[in-house]
Each structure stands twice: as structure tokens, then as C-alpha cells.
Amino acid sequence: MIYANRIKNMIVVAMLCVFLASSASAQSFTAEQIADTLKQFRTYDYPADPTVTDTIENIVRFVGDKPQLRAVAEQQMIALLESGATIRARQFVCHQLWIIATDKSVPTLEKMLLEKDTAEMACYALRTHPFDAASRALREALSRAGDPTKISIINILGDRKDTASVDQLIALLKSDSEDIAQAAAISLGTIGTDKGADAIRKARATASGKMHVALTRSWLRCAEHYASNNRIGDALAIYQRLFNESESLPVRRSALVSALNTGRSEAARLMTAAIEQDDPGLRAAAIANSSLLKDPEVTGKLISALKTAQSNTQVLLVEALGRRDDPLVKNAITEATRATDIDVRIAAYDALAHVGDASSAALLCNALNQNPTERQVDTILACLRRISADGVDSAILEALKGAEAPARILLIRVISDRRYRSASGTLHGLMGDKNPAVAKAALRAIGALGACQGMGNIIDLMLESSDAGIRSEAAAAIIAVTRYGQYEENTGQLILRRLKKVDSAAEKCSLMRILPATPGEESLKCLQAASKDVNAQIRDCAVRAMARYPEPTAVEALLDIFETTNTPAHRIVALQGCIRLCRTTDMPAERAVKIYRQAMQQAATAAEEKLILSGLAEVAHPEALKIALDAMQHQAVKAEASLAVVALAQKVLGIDPHTASAAAQQVLNDSSLAGLHPRARTIVDANPFKGVEPVSLFDGETFNGWEGNLEVFRIEDGAVVAGTLQGPVVRNEYLCSVKDYANFELRLKVKLLGSPETANAGIQIRSRRVAGSNEMVGYQADMGQHYWGSLYCERRHKVLAAANRPELDKVLKLEGWNDYRILCHGRRIRLWINGYQTVDYTELDESIEQTGVIGLQIHGGPAAQTRYRNIIIRVLK
Amino acid sequence: MDKRISRRAFIKRAVGSAAVPFFVSAAALGKGGSVAASERLVLATIGHGGRCSRVMPHFLPYKQVQFVAVSDVRGDRLAAGKAQVDQHYGNKDCTAYPDFRKLLARDDIDAVYIATGDRWHSTASIMAARAGKDVYSEKPMSLTIQESRALVETMKRFGTVYQCGHQRRSVDSYRFQTEVARSGLIGKVHTVIAQNWENPVAGPQGPAPVPDGVDWDMWLGPTPWHPFVPARFNGWNYFWDTGGGTIIAMGCHYTDIAQWGLDTDDTGPVHYKGTAEFVPGNFYDVPKSAEVTCTYADGRKLIVLSRHLFANRFIRFIGEKGWIQVDDETNVVTAEPRSILKLRGISAKSWANPGGHIEDFLRCIRTRQETVCSPEKSHRATTIGHIANICLRLGRELNWDPKTERFDDADANRMISRAMRPPWRL
């Protein structure tokens, strides 16, 4: 089953890959076409048809890896910018130059920087231009451009980290325009040279208002520049200065967090200072970001802060400590589990999940015995499940033995959630506990762990306990251990033997309910016999157990009950079981269809038909679609049937697009099903045959559209002929289509003459000629010998899928004309001869090319002659 | 690998350390549901359109939250935003700002909820952080890779609490899905398929007068100038200058979930290959449909699809032993083997309810801890969408180095950032 799923997934992935490969078809362009397109583009403006912009984008894509054509495109774009082209055309071209411009574009763009209407688009083209010329042009334009452009250029120089512009930017700090001065301040910070940093510090000392704010931000950037250049002292001096209480809160927080971002232990001083601050935001920021400092000394500082802090700060400190990888942490957190404040205790429990060990587990278990609140219990249990260290499991088990009943039940669950199988001995003892809640929890854990110390005892408990809850938990445990567990003994045999020994109907029923967990011939037979028992209680139990039977072997028996029983309830139970088996097991589609059809015929009520349709809708088979279509005629189930039709048409689309799309069309035709129309429309539109006209590949007179050795291939009576019956055929030869075909339906008439034991030919599809050779590689729809109707691979030299010869022989005409149909769609290749499908193959090897030419073959060997005519292709979407 | 986990344990693990639900503690609430002044969080919105009006009701139940201001460049939305807030508080106190810079200048505002068009997300987030505000921003967090990298650095520099609106991280179905993917229950995951719907196609349109009450220049913000064209105003999602189509608009949610489930929150795929269906004559820039295969360094694949209908979107993790899928439209989880589903706790909340995501944000404002959609994680997820679009625009395969955040392709490297219209900058 797992293997089958993997194949399914591979097919899904493979199908996607085909779509990728097949849909890419790059347009190509000559230098003239590029020039023409861009000349024509000069007058482009609203509301013209935007197709030309798509063409230009295609040009940019096409010239990507072609330096000469790329130069042509750039040259034409420059020419356009220099001409009187519309603003819209020039803007669009600048956005293309953003991608492909070289230094050749720079002089033009530089001029544009000085013009009000074009400065913005020129900036766009130059922003990430990788040539030095661009930076030079931007610096040049800086003194001459208009104010808004100036800001843009300053921003861009900053983003480009253009160190050569630092002097100019420093001068602009004194600009009369506040906006320009601020922009210069920010860019200086972004570029981050020593000289710039110095200028910022000096300017900030005297600045005020918005300029002061901008310079402060910039100064923070300078500090980052120092920190990354290993001048940590200088960086921290700035942070220390900006953390000063005279600064605004956001600036102080930024100084603090930035200092911690350096990761240097020297920053710990700032952290400690912030934790002692009155402002809760700064305090929280210091604690939350303390994780940036890995130094053990920092752990110590957090721990000592924990001792004196208010409880809401303690919560944050405990959380921060819980994230540290430091052995010191455990004791401090353990201490905090004894805090008076409940939030602190809960935070501490939670933190132990990360830093705790076996002794912490014992502590947590013990806390469960001390009247915890519901919130505490939830936290403790969550921690006990997550905590991972040596000996935790056994510590919990030890605590379980000494715990009081409520805690004991919780710890049993923890053991089970932790998958601690070694606890099964203890659990086995506890399932007989006087406290029924404990016993039930133990049984549930045994089932969940799938670990059991003796099935016989649990069966006894199931049959003999006076507590109904325990009896049902025991049954559930037996089923779980049998189905999922690692239990040696054959539970099925055990149950069947017990069944013979017990007398009461109640006991028999208890045992029978287990049988579906141990499927096998004997189990099924036993249930079938019981379903005809004279005792109604036993009959009922058997039918219901069969309906839960996990293997498809029960399907026929259930269908039989559905058809023959006199008990209405059993009818529906059996039908449900039947459908469940069809849906959940890897049942072949053909068998499922057969069962659904039979069930449909026997269905007596609309409710039954609806049930059948719900299952039928999942069967990917054209026949299933037919059943659903028929059901659409039945007014009482029309809605359900239509839903099934749409679902099935979707599934069948890849197998039989005609039927699928006709079915979807039927839903579309009915206006009362409007809700389903969008989905149906998608299916109709997805039909790869929709709107596709057949095209003849061979005109019967010339080799137009074909290439090959014309000494071998000739035309006679409107057919392509190759080979001779007079003597041996020297070697393999192929007549190939000039064009490639990937997804298509090819139909042609073929005839092969010569000895049926030796004559061979075939049709290559998705194939390539081997350079310098007469051979080809690729798939072949084969003809001749035992290969008729098979799919052969001329690459891997093997039969990929063979025809069923006895069946094919019923329709194959050895000496006459045969109708060959070849359908290639996605990774799937299907072949038919005279209407009989011989091959349905899906290529799972993603490396095999799924497009190529069509090649008509004559195979080398003893005398043989092959003829091909009426070659019709439909190229699919 | 036997890693069966009981349902209860599973829920607990998925919720993780959220076992300290700060905001339900009665201590935080004063009498009659009012909140002590020190606990109050003053909020404002930037961009008050459809998304904001749908999300805001999920903020309002938190008693400590108080909205005092809204902003929008569209007069009608601004008025509707103010009305929404005023109606909730039963007064007229909410201030409406056409220009969000005035809103950011207010000292009493602690945090902002940003739900503008994509073009403003990172610029507004960064400006808010600089003004000392914490930020919950709608997705996608940026228009370019450089924008969101700058956002990450800014949030780090200012110690800002930033929550990206990838709210599926706070939704039970996706938590469950990613937990299953990471736990090995479906074997080693080799492929993730994420399907968005397909982009619309439109015919050409010409400029029109700017509608009354719309500040078109502010609407465009940092993006390249264009005349007012209704299709651009309403369909900004489908133009490269202002959006990136569903592959980024919705795709960022799924790449975020994929990154989470693959445990690659601090890195990303290294190879991109894709095809797109650019429809000639389409007034919109983005392709009608597309698919991009993103491959991680260890060979795992993330296949991002933009096709079919809105209702068809899903995300599926495929492992060696099975798969798990969340159908985004219905929030239904399916899996193979089906037994996995028994481990799930059932929650009625779907992606449409960002309540849990908001709660995480509000908690982090107090604790200054990292949100579930922290800047770095969100940037990495968003980057996948940006690279996918660059790959489609260039029409070639791309190699990406998640460490240096550069391509080995000079043209693609240029597309990491774009010039912004003055006076805007990052």
C-alpha cells in the first residue's frame, strides 16, 4: 500500500514536470525584428493594445544569453530614449534597461536625470546598474538635478553604498532643504565609512528637530559599521550614549537591542541596566534579546535579576533562561517552580521541558500530587511529554507507582504519549486496579503502546469484568495491540478457540467483535456462519463485525447480505461496509466498478443509491462515470449523481478525455445544476481534444514534411513503402517527420509483409535520430513477430509494455491493413490496434525526453516490406 | 519510524509554550472588563480597505486594545474606517488621517496594523518601526527582496515587534499539517505542492480622471509614476510595479507554510525553474498561469502553482510514506495514511480567522519576544515568491544563494531591488 502511494505520488510529480517541459516555447528574434519592434514602440501610448510590450519582454528574455543581440536591443532602446518617444514608451524601456543596460546606456540616462519628466525612470534604470559608470553619472547629476531627483539620487547612492560620494553627501548635510539634508544623513549612515560617521556625530551635536532624528538613526547605522569592523568599543560607546535617559524611548530601545545584536559580552552591562529600568518595555526588550549574548556570565546576571525582580518580570526571566543552553539554568528554574506566584511557577514548569532532566521529571510528577490547578496540570503534562533526557521515562514510571489515583491516571497517559513500551509490565498490573478509572487508563495505554504482557488476561477481563467500561476498553486494547502492536501470539486463533468454549450469546458477541482485527479465512468464515445463526443477537453482531472487516475479501459476502437479508438495518450496514471496503482498500478499479454496479441494481431506496454514489465518485474508471451518468436520470438522486459525475469526469479526464468532457457537458446543459457549472466548465475546457482538428501528415504523393533515406523509402499507391520481399533488408531505416510532436493522437494504416516470424517494423514517437548513424532513440509502437502492439524502447532496448497477444490476435490482420492508434499525453502512452487497446504505459523515468519526431521504420533482417498510409495527427493541448 | 503521538499530546506540542496565555489572565483585566492604563495598547490602522475592515473585528475583542486613529489615501475608506472604530467604542474619538505620516508622529500610539496595497507594506512598516511603533502588517511583506531584507534589519535594529500577516501559522489545520510533516509521520518529505489560483486577464484601458477623495500621488507612494487608470487602481495586484500576482499575493502564505513544515525558516530553495503563460495583449503584467519548481540544497522540492480557480487552492506535503494536504478553501485536512488524521484536534477556526495571530502579536508586544511570523521567517518565505517571479520574468533557471542572498546571474541580481519614487526610501 505504501509502495502504491509512492508510485501515485511519483506520477503526480512526473505529470507536473511534463507540463513544465512542454509549455516552454521561447519566441526567437533577429536583429531586424528587434529594431523594428522598438521603432514601432516609440509612439506607444494609452490605450493602445499592449501586445507590443509582451513582445519587448520576450525580446529581453530571448537576448539574455546572446551578447550581440543584447547589444542590439540596448542600442535600439537608447535610440528610442533619444528620440521623441512617448513618456509611456520611455518608461517601459527604462524598466527593461534596469535588467539589461550596460555602460553604453549611461550617457543617455544621465541626461534624463536632469529632465523633470524622465528623471524618475532614469533612476529606475540606474538603481542596480552594475557598472561604475552608473555611480559616476549619479554623482555628476547630484549637483545639477532638481530637488526631488536629488533626493532620489542621494537615496540610490546610499543604497549602492557608493563610498566615492561620501564627501558630496557630507556637504549636503548643510543643505538649505531639510529633506535633502536628512536624505544625505541617512545615506551616509547606510554607506557607513569612518569619515561619514565622524561627520554624522559632529552634525548631530548641533542639530535639532527632524534632522536630529535622522542623524540619530544614521548614527545607529554607523555604530553597526563600527561593530562589523571590529571596533566594538566605538560601537558600544554610541549605544551607551544613545541609551541615556535623555533620549526618546524608541531610540533607547534601539540602542539597547542593537548593542545586544553585536553578541558581545561587553553589551551585558547595558542589558543589566535595562532590566533595572522602570520602563517595562525596555526591561522586556533586554530580557527577550538576552539570548543574543551567549556568554555564561549573562546567565548569571539573569539569575541574579530573577531573585529580586517583580513577578511579571520573573516570568519573562524564566522564559529567557529556559532558552539558554547553560547548565546553570536548571537549578534557578527548579527554584522558580517553588515561587509563590502561579504565573512564575507555570513559566518554570514550561522552561523545564527544555532544560530539565530526570530529576526535573520527578519534580513535575510530584507537583501533580499537590492539588494543582487545571492550568498547572496542562502545563505540567505538556512538559512531561516534551522533556527529553536520559532516565526521564523511568523516573515517570517510578513516580506513577507512588502516585495517587488522579495523578496516576494522568501519568499513565504521559507514559503512553511518550511511547514508553517498557512500561507494559506495570500497565499490565494496573489494568486490574481496584479503581476502575485507573484500570481503564491502563488498558487504553496498553492499546496505544501496542505492548502487551499476555493477551489471555485481557480477553478474560473483556469477558468477565463487571464494569461495562472496562469490558469495552479491554476490547479496544485487544484490537489495538493486534492491529498495530508488536505482539507475537496469534490473537485470531486465540479468539476462535475461545469462541468454541463460550456458551452465552453475549460472550460470543464480545469475541466476534474482535475478529475484524485479525482478518483471515477462518475469521471471515466464522463471521459468515454467524450471520446466519438462529440467534438474532449473534446474527446482528456478526453482520456488524463483517461491516467493519478490513480486507476486501469480505466484499462479496457483504453484498450477499445486502441483497438477501430480511433485516432492513442489516441491509444498510452491509452496504456501508461494502462501500467502505471499496473506498479504503487498494481495490482494482474494475472490481470496484463491478461491485458498485451490482449494488446499484439492488438498491431499493434513494438513500441507498446516494450512499453508493458517494463511494462510486472515487473510482477512476470510465465505467464508473457511465453508472453515475445513468443515475443522473433518476430525479431523487440527481444532485448526488451529478456531483459524482463531475468528480469522476475529473478523474477520468486523463484516461478518456472524450467521455469525461461529454459527461461534464451534460452537467453544464442542465441549468438546475448551476452550482456545479464552474467545475464542469473546467473539465470541458481541459479536454485536450477540444477544438483540435485532425491534420494529415502525408499527402500520398510527396515526402513534404518528412526526411529520410529516399533510396529506401518510396511512395506507391498513396502509401509510404520500405523494404523488399526479394532479399534481406540491409539495416534499420527510418523516415522521420521534420517537426517535433509531444502530445498527440496519431492514427495511421499499417501493413507488414514477409515472414511473420522475422518481419519487423514500427512507428517511432517522441524520438530522435542518433547523429552519424541510421539508428534512432525513443519509443516505438511496434509491429511484427511477437512485438505487434507492444511499446518498445529504442533507447533502453527493451519492451516497456507488451500486448496481450491472444487477445490482439482476435483483431490483428497479419497480411492486411491494420489501424494503428497512438495516444501520447503527458507521461502516458497508449496504443490501439484495430480498436483493441494493447498498451497503457506511464513513463516514470523523468530523464526520458517526452517530445521528438515521428519515425516510420523498416527493420533490418530477412526479406520484409512495410507500408504506411492515411497518417493523421491531432496535436493535443 | 514509529512516532505515533496521541491526539492530546499532539495538540499540546503544536501549541507549544503558549501554555502561558497572558491575555486571559484575570489580573490583566480590571473590573467590568476595563484595563489598567499601563496595560493598554493604543493601536492605529494604515490602509483601511476591505482587508482591514474584516480583520479589525478580530482585534477589537481584546480589551487591552484601543484603536485611536485610522489612515487611508482614499476619502471613502477613511470615513468608513473612522466609522467602524467609532461605532465599536460608541463615540467620535477616532482621528482620521489621509497621510499616515501624521499618524506615526503621534507619541501615544503603540502599534499599527498595516493593510495597504502591497506597494506600501514594507515602507510603512519600516517608517512605523522608526517611529517606535510595533507592527502587524498584511502580506506580502514587500515588493522586492531588498525591501523585506531592509525590513528585517530595521526591526532588528529598533527591537520592534513585527508580525507578518501570514496568519496560517496560527491556524490549527496548518499547525497540524506542518507538525505532521516535521514529525516523520509521512516519512521523509521530498515534495511540497502549493497551488494558488490563476491571475485574470484584461484588455487595454486608458487614463481617467482621479476620483474625488483619492490622493493618487500618495496611493502610488514609492512605486513608479503612472497616470490614473482604473484597472491599475483596482487591479494593482497584477502589475509588477505594484504587486506580483497570486504567486506572491497568496503564494507567500503557502511558501511560509512550506518553509515551516520543511524546517527551513532561516534559508530557502537554491534553484528555481519555471514556466509561465504570458497572454499577449494582456493589460496586466503578470502571467495568467505559472508554475515554478523551487529546489532546496538537499533536493527537496517546492512546486508553486498558479492555476485553476480560487476555490482549488491547496498545499500538500508529500513524503516517502504518505502525504498530508490542507484544502485552503474549506480548511479540510486530508492525508494518506488516513490514520494520521486521528491525531488532530478539531478547531472550527480557519485561515479566515486571524484571532490567534493577533493574540500572538499582542502577547509579544508585552514580552518583546519573537512573533510566530517574525521578520526573518516571513522574509525568507516572501523571497521565494519574489524569486519565482524574477525567474518567470527572465524566462530562465536561476541559482540562488540563501546565505549571501544573491543570484549567480547578473541580470537577476539587478532585480533584487528597485528605485523608489522620491522622497520615499527604505
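In helix 18 (residues 296-308) of chain A, the buried residues are Val298(A), Thr299(A), Leu302(A), Ile303(A), Ala305(A) and Leu306(A). Here a buried residue has 20 or more other C-beta atoms within 10 Å of its own, an exposed one 12 or fewer, and a partly exposed one a number in between, with C-beta atoms placed from the backbone. Helices (H or I, at least four residues) and strands (E, at least two) are DSSP runs numbered from the N terminus. Viewed down the axis of helix 18 of chain A, its buried residues fall within an arc of 160°, so they line one face of the helix; the arc is that of the directions from the helix axis to the C-beta atoms. Glu297(A), Lys307(A) and Thr308(A) are exposed on the other side of helix 18 of chain A. The cover over its buried residues includes helix 16 (268-275), helix 19 (311-322) and helix 20 (328-336) of chain A, contact being defined as C-beta atoms, placed from the backbone, within 7 Å.

The model is predicted: local features need pLDDT of at least 70, side-chain atom pairs count only at pLDDT 80 or more, and totals for chains, interfaces and linings use all residues. Residues are numbered from 1 along each chain as its sequence is written, while chains are lettered from A and ligands numbered from 1 in the order in which they are written.

Chain A as a whole contains 42 helices and 15 strands. Its radius of gyration, taken over C-alpha atoms, is 40 Å, well over the 29 Å given for 877 residues by the globule rule (2.2 Å times the number of residues to the power 0.38), so chain A is more spread out than a compact globule. Of the 877 residues of chain A, 47% count as buried.

An open sheet of seven strands in chain A has the order 2-5-14-7-8-9-10, with antiparallel pairing; two strands pair if DSSP finds at least two bridges between them. Strand 2 and strand 10 (798-801) of chain A stand at the edges with a single partner strand each, so one side of each lacks a neighbour in the sheet. Strand 2 of chain A is joined by three bridges to the antiparallel strand 5 (residues 733-737) of chain A, where Cys736(A) is the bridge partner of Glu707(A).

Gly705(A) lies in the loop between strand 1 (695-696) and strand 2 (706-708) of chain A. Gly705(A) counts as partly exposed because it has 15 C-beta neighbours inside 10 Å. Its C-alpha atom is separated by 8.5 Å from that of Cys736(A), 31 residues apart along the chain.

Definitions and conventions: Contact = placed C-beta atoms within 7 Å.
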